[in-house]
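Student: I have a protein model open and I would like to learn how to read it. Could you walk me through it?

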Amino acid sequence: MSTISSFLRTFGIKWLLILVFTKNLWANGWRCRQGLKISNVELFGGSINRQRPIFSVSRNEIAEGTEVLREIEKYWQKFWENEAIFATGDDSPESKTKPKFYLLSMIPYPSGDGLHVGHLLGYTAIDAVSRYKRMKGYEVLNPIGWDSFGLPAERYAKEVGRNVEEVTRENIDRFRAQLKSMGYSYDWTREISTSDPDYYKWTQWTFQQFFLNGLAYRSHEHVNWCPELDSVLANEEVRNGKSIRGSHDVYRKPMEQWMLRITKYAKRLVEDLKDLDWPQHLKVAQEKWIGLEEGYRVGLEVLPCPEIQPVMHTLHAFTLDPCMLRKCKAIEVSIYTDNLLKACPPDYRSAVAELIEESSKLTNLELAEKRKIQFTGRYALNPLTGANIPIYVTNGLYGFNKDINARLVVDNVDTQSECSSDDLKKLKVEPFTNLRFRDWIFSRQRNWGEPIPIFKETESGNTFYKLAEKLPVHVSQETSKLRNTNETMPQWAGSCWHYLRFVDPRNSNAIFDKAKAQHWLPVDLYIGGAEHSVSHLLYSRFWNKVLYDLGISPCPEPFKKIILHGTMNRAQYYDKDGKEVPEDLVIKHKGEFVLKADMSTPVTIKAVKMSKSKQNVVKPDDIIETWSADALRLHLTFLGPIEKNKIWSDRAIVGVHKLLLNLVKFYKNIHPGKLARRETKEIINCTNGFITHITRCLETVQLNTSVQGFFKFFPEMKRWYRSNTLTLRVCNIFLLLLNPFAPHISEELWHYLNPGNDGVSISQQKWPEHLNSH
């Protein structure tokens, strides 16, 4: 008796009650579970001990509760996989009668660091919508893959002295395990990897089609060269004069490169944006990067110089208004202009050569900050005024190209200048579409990428290019045999067309089956990070348009609707001296953050983007083991609108975790005799409003307010149960609505409430409809 009294004094009466009812509760659950046949798979290498109570007084409540939730999650993840619940049946007769819905997440790059919780924002949203669409009667395609080529893996493998393919496979295994632990409803039978020869064979084949149709060509270009990365970088890989990856110095360097003629598609890439359901800021970003301007190309005659040979005759500049030539005070040309030194008089040649030499040693950042000009000693004739315009050379990073090789320097650019019809006759002018972006520099000087599948041949002094007859040209093994050395494709190549391959990923005879592509495309909803708003999306659209023009892709645009999720930040706290304070030493008191030990001492808070370099990454593995996958899913959803940046806090997950545990307690303590047969008018109105709210949240992908709905509706259910007015139908409706957000616990409780559904998932049930009044 003394032992029992001591127990009650320590833990209270409620724990005794919990132990009593959970013994019967879990025994019932175990009998229900024994009725399920799950391909003879046994969890944990043996049967589940369902007679173990939810909580044990000898262990921490949170840890014990999470252990139960994790057991549930692992069980149903095995069930979904072995029963192929989420496999897309696009060849079945039933699937052909359903409307289609194609969802896609931007596929991740499998780094050695694994995923952090910020990466899961888009995946969680996609999964919620995909589960909802299945229950609404759609045939859903929700695949996943890996953008697995790239420089980081190659550099890491070199540093540790390992094979890059082995490192990449290990990284993919880790990423796959992390995504599976979240219970995402991917069709894993369609998994692809851009570094798989069966995949990049078709990337190489597509490049050959580009070449045969005049869209891939060789050119000597001044490119962005990063010595630290030992590779050429596209403009999109450089920010503020530094490489985006690693923030290394970038220089301008002349090299022969493979180019893709993306500028040919510039107008269509801008014009076709208007028909897409994309955020307006995303459309504007694409338009600005393309930089399409309708204006005029003006020809300017370079005055002859008796001291040198005539190697510079005419310059061409772009202007929106040819009449602005009246105010032109100078002309600038690039230090990369052909025959520039030969065009300079001897007295000016050394100064120009010095600028060229000095600029070759400057990074792109330094060129932007230390822009210089030097007079060339040459003049051009102003056709409107008859004056001589001095020509300067500049090391500024302006968008010169073969069509526009000069820049007008104009005074009072904001004021208008008028021309007569006679003035316009004096001008060598033609309508011209100018572009900010340039053709896509497609070569990379590295091994871990798709080898360019074209041989450079020389015969009788003539150079020509020959297509590799056998594809794929394998990485490393055959690259050195190609006359174009170790040139490979950029990392974007493989992820430019994965949305097409997903419709038929195991086809070895064609890039994909056209009938399947016709059925599934375009992608109905594409979600990813804002950092891909220009490069990836622009290149994917271009790649698809080429294939569309060749009669391969069935649609002119690949992505019907796009949502870009915000970044995940960590809250970091600082004392008055600017020293960082650990989060567990801070408390919110009277609306302000203060030290727990001294509430009179305020601390400042700063949102810092979650990243490895800042050492503030939160790994989902740790959160799942502490709180469960369903709790993490609900927490990510609850943090705020998907488009907004969010602040991670371990404290905030406590609420959703408690909700899940209370749901288990409530549902597994329901006594059938206390359930009513018919709903009251109040329950009907409240339930219909709940259905409308959750449905609207999923249709608009404004998921954060949905979690609030569950917190509000659950207490009402408990009140109705106490008054004997709650029905089985309303209990099931709650679980069906919860399923897109917390699929494991809803699956568990639905089976508990509805025994006998062997081999069937709650995900295969219909989405709830409004209740009819009696």
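Tutor: Gladly! Let's start with a definition: helices, of at least four residues, and strands, of at least two, are DSSP runs, numbered from the N terminus. Keep in mind that this is a predicted model. In it, the protein chain has 24 helices and 29 strands.

Student: How much of the protein chain is buried?

Tutor: Buried means under 20% relative accessible area. Of the 774 residues in the protein chain, 53% are buried.

Student: What can I learn from contacts between residues that are apart in sequence?

Tutor: Contact means heavy atoms within 4.5 Å. Take the contacts between residues at least 6 apart in sequence: 77% of them join residues at least 24 apart. Trp 76 shows how sequence and space can be compared. This residue sits in helix H3, which covers residues 61-82. Trp 76 and Ile 745 are 669 residues apart in sequence, yet 9.1 Å separates their C-alpha atoms in space.

Student: Is Trp 76 buried or exposed?

Tutor: Trp 76 counts as buried because its relative accessibility is 0%.

Student: Which residues have the most contacts inside the largest nonpolar core?

Tutor: A nonpolar core is a set of buried residues, such as Leu or Phe, joined through side-chain atoms. The largest one here has 92 residues, and Leu 179, Tyr 667 and Phe 734 have the most contacts inside it. Setting aside neighbours within four places in sequence, the contacts of Tyr 667 include Met 717, Cys 731, Phe 734 and Leu 753. Apart from this core lies another, of 60 residues, with Leu 260, Leu 276, Leu 521 and Phe 559 among them.

Student: Where is Ile 192 found, and which residues does it touch?

Tutor: Ile 192 belongs to strand E4, residues 192-193. Because its relative accessibility is 6%, Ile 192 counts as buried. Beyond residues up to four places away in sequence, Ile 192 touches Ile 144, Trp 146, Tyr 199 and Arg 506, among others. Ile 192 and Arg 506 are 314 residues apart in sequence and 9.2 Å apart in space, C-alpha to C-alpha.

Student: What joins the side chains of Ser 359 and Asn 395?

Tutor: A polar contact is a pair of N or O atoms within 3.5 Å, one able to donate a hydrogen and the other to accept it. Between the side chains of Ser 359 and Asn 395 there is one of 3.1 Å. Ser 359 is part of helix H11, residues 346-360, and counts as buried because its relative accessibility is 2%.

Student: How about Asp 650: where does it lie?

Tutor: Look at the loop between strand E29 (646-648) and helix H20 (653-667), where Asp 650 lies. With a relative accessible area of 32%, Asp 650 is partly exposed. A polar contact of 2.6 Å joins its side chain to that of Trp 648. Not counting residues up to four places away in sequence, Asp 650 touches Glu 583, Ile 623 and Trp 627.

Student: At what angle do helix H19 and helix H22 pack?

Tutor: Helix H19 (residues 629-638) and helix H22 (residues 704-722) pack at about 120°, with their axes 7 Å apart. Therefore H19 is oblique to H22. Leu 634, Thr 637 and Phe 638 in H19 meet Asn 704, Ser 706, Val 707 and Gln 708 in H22. The residues of this contact divide into three nonpolar, four polar and no charged.

Technical notes:
Residues numbered from 1 in each chain as written. Predicted model: local features only at pLDDT ≥ 70, side-chain atom pairs only at ≥ 80, totals over all residues. Heavy atoms only, no water. Core = buried A, V, L, I, M, F, W, Y, C linked by side-chain atoms within 4.5 Å. Buried < 20%, exposed > 50% of the residue type's maximum accessible area, 1.4 Å probe, protein only. Axes fitted to C-alpha atoms, helices over the stretch in contact; angles between N-to-C directions. Parallel < 35°, antiparallel > 145°, perpendicular 65-115°, else oblique. Nonpolar A, V, L, I, M, F, W, Y, C, P; charged D, E, K, R; others polar.
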